[in-house]
Amino acid sequence: MDRTCPGCQDGAKLDFDFSMAFQPIFDVGENRIWGYESLVRGLNGEGAGAILSRVADSQKYRFDQACRIKAIELASRLFPAGEQRQLSINFLPNAVYEPAACLRATLAAAKRSGFPKSSIMFEFTENEMVQDTAHLRNIIAEYRRHGFITAIDDFGAGYAGLGLLADFQPDLIKIDMKLVRGIDTSRARQSIVAGMMHVARDLDIRVLAEGIETENEYRVLRAAGVNLFQGYWFAKPAFEALPDLDMAKAA
């Protein structure tokens, strides 16, 4: 039996509302939209920073849970019927008390909305200090048991770096935009990404480059072997909608 989740009982309720914007992830190898990342927004389109700044420590659990439910419910209405699309959801590892218990609302939302569990990807960011590596390992194991995809976001610019990858082998890593920005003129960035691609291939991990803003950035990363892309070069996020993606740019 699952342990009782403290956040379910003691987590402070949210005193604000929010919604989601969606940004497409493009699979160049298959020339199709692979999925969409759900991004927190205010009801008037305020950016994620404005919303996250309102989340008190006592509200992290409920906020994390509410984000999952909101993303799944919106995606179930917006995603094209009959087409395989991944929904990427960011989660806070330090807001998960007990992996199985904290997944109940997610599983219920997916079942209620008719959204397939295999189409959900959970990202945890390297920029958040992992307080308990054993706990995170248990979270990833539980998510995989349910068929979810797991990913490390902002890889290469936060805590632990390759040490984090040594402890956890997710299904996918997202190259942080700080490494992407200006990579076409930076030998150091190109070398670092080449090393990351080598490690990812050895570990059978897919790589996604986020924050693509120029054609030159895209071309260099494409030549490095990256197949999944996300960024303004292809499409900006759209509030409660799926933006058009200019696939011709990837030709």
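A search of the whole structure finds 16 aromatic pairs, where rings of Phe, Tyr and Trp (its six-membered ring) pair if their centres lie within 6.5 Å. This is a predicted model, in which local features need pLDDT of at least 70 and side-chain atom pairs count only at pLDDT 80 or more, while totals for chains, interfaces and linings use all residues. Residues are numbered from 1 along each chain as its sequence is written, and side-chain values use heavy atoms, with hydrogens and water left out. Helices (H or I, at least four residues) and strands (E, at least two) are DSSP runs, numbered from the N terminus.

**Aromatic pairs**

- The ring centres of Phe79 and Phe115 are 5.7 Å apart and the planes stand at 65 degrees, so this pair is edge-to-face; planes over 60 degrees apart count as edge-to-face, under 30 as stacked and the rest as tilted.
- Phe79 sits in the loop between α3 (60-78) and β3, and Phe115 in the loop between α4 (104-113) and β4 (120-125), so the pair ties together parts that are 36 residues apart in sequence.
- Both Phe79 and Phe115 are buried, meaning under 20% relative accessible area with a 1.4 Å probe and protein chains only (exposed is over 50%, partly exposed in between).
- Phe124 and Phe168 make an edge-to-face pair too, at 6.4 Å centre to centre and 85 degrees between the planes.
- This pair links distant parts of the chain, with Phe124 in strand β4 and Phe168 in the loop between α6 (162-167) and β6 (172-175), 44 residues apart.
- Phe124 and Phe168 are buried, and both belong to a cluster in which ring pairs link Phe91, Phe122, Phe124, Tyr143, Phe148 and Phe168.

**Gln86 in strand β3**

- Gln86 belongs to strand β3 (residues 86-90) and counts as buried because its relative accessibility is 8%.
- Leaving aside residues up to four places away in sequence, Gln86 touches Trp34, Gly35, Tyr36, Phe79, Ser118, Ser119, Ile120 and Ile149; contact means heavy atoms within 4.5 Å.
- One of these partners, Ser118, is 32 residues from Gln86 along the chain, with 8.1 Å between their C-alpha atoms.

**Strand β6 and its neighbours**

- Leu172 and Lys174 point one way from β6, Ile173 and Ile175 point the other way, and all are buried.
- β6 runs parallel to strand β5 (residues 149-155), joined by three bridges; two strands pair if DSSP finds at least two bridges between them.
- Ala151 is found opposite Leu172 of β6.
- Four bridges connect β6 with strand β7 (residues 206-209), also parallel, and Lys174 has Leu208 as its bridge partner in β7.

**Pockets**

- The largest pocket holds about 860 Å³ of space.
- Its lining has 34 residues, with Glu37, Leu39, Ala48, Leu52 and Asn90 nearest the centre.
- β1 (19-27), β2 (32-41), α2 (48-52), α3, β3, β4 and β5 each supply at least two residues of the lining of the largest pocket, and β2 gives the most, with five.
- The second largest pocket has a volume of about 210 Å³ and is lined by 14 residues, of which Ile205, Arg206, Val207, Gly225 and Asn227 lie nearest its centre.
- A pocket is an open set of points on a 1 Å grid over the protein atoms alone where a 1.4 Å probe fits, with protein on both sides within 12 Å along at least five of seven lines; lining residues have an atom within 4 Å of a point.

Note on methods:
Grid points are joined across faces, edges and corners, and a volume is the space filled by probe spheres set on the points.
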